[in-house]
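This report looks at helix packing, salt bridges and contacts between charges and rings. Please have the sequence and the coordinates open while reading.

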Amino acid sequence: MLFKHITGLDDERLNELYCRIAEAFESRPSKRGGPNAALSLRTQLIATLMLLRHNLTEEMTAGIFGVSQPTMSRIKDKIEPVISEAHAFSEPGLEELARN
């Protein structure tokens with residue numbers, strides 16, 4: 001599936017970012033988001049990028065992905081800082097991605 005219009009990243013960059021984020025989460029002790037998480041880590045990443053890129057509300061993004069708004073808020077709060085830490089791509093940066 002092509003996510004370029006949804007996330008701003010082509011499949012290769014999205015996969016690279018996902019791998020770096022998955023690696024970052026593997027090295028951290030996890031309180032939530034394990035095997036019983038509402039969305040897979042990859043889907044959480046896509047939802048967060050979609051939310052940032054299109055300036056959607058958490059409520060709308062939650063509805064699209066079939067979770068509650070509080071769950072979407074927790075996902076965004078968990079994933080967004082790790083995107084910044086991952087440095088998986090130099091262009092566009094997180095700010096640039098949100099603007100496009």
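## Packing of α3 and α4

In this predicted model, helix α3, which spans residues 41-54, packs with helix α4, residues 58-65, at an angle of about 145 degrees, and the two axes lie 10 Å apart. The crossing that α3 makes with α4 is right-handed.

On the α3 side the residues in contact are T43, I46, A47, M50 and L51, and these meet E58, T61, I64 and F65 of α4. Sorted by class, the contact between α3 and α4 comprises 6 nonpolar, 2 polar and 1 charged residues.

## Salt bridges

How many salt bridges does the structure hold? The count is 2, and one of them joins R20 to E16, with 3.3 Å between the closest N and O atoms.

Both R20 and E16 belong to helix α2, residues 11-26, and because they are 4 residues apart in that helix, about one helical turn separates them.

## Charges and aromatic rings

As for pairs between aromatic rings, where ring centres would have to lie within 6.5 Å, the count comes to 0.

Conventions: Residues numbered from 1 in each chain as written. Predicted model: local features only at pLDDT ≥ 70, side-chain atom pairs only at ≥ 80, totals over all residues. Heavy atoms only, no water. Phe/Tyr/Trp six-rings, centres within 6.5 Å; stacked < 30°, edge-to-face > 60°. Axes fitted to C-alpha atoms, helices over the stretch in contact; angles between N-to-C directions. Helix = DSSP H or I, 4+ residues; strand = E, 2+ residues; numbered from the N terminus. Left-handed = near helix turned anticlockwise from the far one by under 90°. Contact = heavy atoms within 4.5 Å. Nonpolar A, V, L, I, M, F, W, Y, C, P; charged D, E, K, R; others polar. Salt bridge = Lys/Arg side-chain N within 4 Å of Asp/Glu carboxyl O.
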